[in-house]
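Hi there,

Here is the structure I wanted to hand over to you. Could you open it next to this message and follow along?

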Amino acid sequence: MDYERRIRVIANSYYNMGLEKARLRDLTGSVDCLKKCLHFNKYMTDARNLLGLIYYEVGEVGDALVQWVISKNLQSEDNRADYYLEVIQKKKGTMDLERRAVRRFNQALAYVKSESEDLAILQLNKAVEDKPNYVKAQLLFALLYIVREDYQKAGKAVNKVLQIDHNHPKALYYKSIMKETGTRVKPEREPEKRKLKNVVSHRQMQDDDVIIPPSYKENTRDQAVLNILAGLLLGAAVVFFMVMPANTKSINDNHNKEMLKYSEQLSQANQKADLLTQQLNTLESEKKTAEDSLASLTNNSDSVLAQYQSVIGILQAYKKDDFPSAVKIYADLNPGLIASADVQAIIVEIKKDMAQKGCPILESLGDKAMEAGDSQSALNYYAKCIELKPDSWQAKFKTAVIYKGMDQKDQANGLFSDIINNSKDETLSAKAKTERGF
């Protein structure tokens, strides 16, 4: 068996093992096998396509797209990657959903580092609600609840991961932790209803020369002995040929030179492929950066474009003599994102007017938000009121009460102390003293 043939056999062996593990939903094991397959044969598009499907299944859409784009560049025609990329493009809002999920996961990580677990859980709740198969988010979600010893919610997240990937090491480790504490994770009552259709239906290669024969088996002890004997015989044959006449030696030398020439050509081709792959990765990175930059300018309520639209909305409300609407729009305005000096001058005038007449309306909007159970919006309205008028003691008191309900003691006690020490409203100060006693 020549060198290239052996490489194909090894690569295809790992590919077939990866495909079998994917069918059994051992996605972690399948990824390991497929990466080893590509280590031996980076041009195997079937392995790249399957690896992309598995990344997509566990919520890593960006990694999946990278594999499919590389596959498409390696094989421009009759490539299954065309279908996968087309499906992604046809699903409206898919990339926006992915960006939001990744942004929320990253924000949750930042909250965890700053020891704000409540806010981290809120972000993860939104991430897994939009994208239940986001394995990274589910695992972080489970870990936070394990720390809180809320094993019911942790177990639900762990079970979700194990439904997607039966042998995920972290999920199994978290499950063992919960078992050691005396709380067993309850299995789902109903069997899994949906299978990994894309992975199971993934076509195998059609070239008989590079597929592992059906009779392929792992080496047994007897086979290992036979292999050793074969190696000894091969060594004896080498010794035999080394003492062959000069004409045989000449033939072997020519053969070796030819093999060396082919090896050099293969090495050059590999280097060229590596360079093209590196260039492709660079272009993909630049494309992602550009898309993220464009999204930050246009796609959400915190974008630069949205702030200019808010200023226009405030001016239109003034024109209609609808001051309450102007105040409501101002509450969501983020002037720091606006670079225009002329627009900043307009904002300064608007802020002066809001400081004189807008605080009561902002406080009223906060009260309505609290009645509706929207604490976050209420905090935003009260904060704008305090920003415009620092001596808005009622707004500070209501903000402190919300923080107290969210178990954020330091923020709440700071505001209560400010009211007690600086407010001239004795009734409000007495209420603050009562609330601060927790």
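Helices here are DSSP runs of H or I with at least four residues, strands are runs of E with at least two, and both are numbered from the N terminus.

Before I go on, please keep in mind that this is a predicted model, in which local features need pLDDT of at least 70 and side-chain atom pairs count only at pLDDT 80 or more, while totals for chains, interfaces and linings use all residues. Residues are numbered from 1 along each chain as its sequence is written, and side-chain values use heavy atoms, with hydrogens and water left out.

**The chain as a whole**

The chain has 21 helices and 0 strands. Of its 438 residues, 34% are buried (under 20% relative accessible area; exposed is over 50% and partly exposed in between, with a 1.4 Å probe and protein chains only). If you take the contacts (heavy atoms within 4.5 Å) between residues at least 6 apart in sequence, 57% of them join residues at least 24 apart.

Two packed helices are described by the angle between their axes and the distance between the axes. The axes are lines fitted to C-alpha atoms, for helices over the stretch in contact, and the angles run from 0 to 180 degrees between N-to-C directions.

Back to the pair I opened with. Helix 19 covers residues 393-405 and helix 20 covers residues 409-422; their axes come within 8 Å and cross at roughly 150 degrees. The crossing is left-handed, a term used if the near helix is turned anticlockwise from the far one by less than a right angle (clockwise is right-handed). On the helix 19 side, the contact involves W393, K396, F397, T399, A400, V401, Y403 and K404, and helix 20 brings Q411, A412, L415, F416, D418, I419 and N422. By class, this contact has 9 nonpolar, 3 polar and 3 charged residues. Nonpolar here covers Ala, Val, Leu, Ile, Met, Phe, Trp, Tyr, Cys and Pro, charged covers Asp, Glu, Lys and Arg, and the others, Gly among them, are polar.

Next come helix 17 (residues 359-371) and helix 18 (residues 375-388), whose axes come within 7 Å and cross at roughly 165 degrees. That makes helix 17 roughly antiparallel to helix 18, and helix 17 passes helix 18 in a left-handed crossing. Residues in this contact include C359, L362 and M370 of helix 17, and Y381, C385 and L388 of helix 18. The contact divides into 10 nonpolar, 3 polar and 3 charged residues.

L388 turns up again in another place: its C-alpha is 8.2 Å from that of K352, although the two are 36 residues apart in sequence. K352 sits in helix 16 (residues 341-357) and is partly exposed, at 47% relative accessibility.

Helix 9 contributes Y151, A154, G155, V158, V161 and L162, and helix 10 contributes A171, L172, Y174, K175 and M178. The classes here are 9 nonpolar, 1 polar and 1 charged.

**Aromatic rings**

How many aromatic pairs does a search of the whole structure find? There are 9, counting Phe, Tyr and Trp (its six-membered ring) with ring centres within 6.5 Å; planes under 30 degrees apart are stacked, over 60 edge-to-face and the rest tilted. Y14 and F40 are stacked, with centres 6.1 Å apart and planes at 15 degrees. This pair links Y14 in helix 1 (residues 3-23) with F40 in helix 2 (residues 27-40), 26 residues apart. Y14 is partly exposed at 23%, and F40 is partly exposed at 32%. Separately, Y56, W68, Y83 and Y84 form one aromatic cluster.

**Two loop residues**

Most residues other than glycine have a negative phi. D78 has a positive phi near 50 degrees; it lies in the loop between helix 4 (61-74) and helix 5 (80-90) and is exposed, at 69%. E115 has a positive phi of about 60 degrees, lies in the loop between helix 6 (94-113) and helix 7 (117-130), and is exposed at 65%.

Best wishes

Conventions. Angles under 35 degrees count as roughly parallel, over 145 as roughly antiparallel, 65 to 115 as roughly perpendicular and the rest as oblique.
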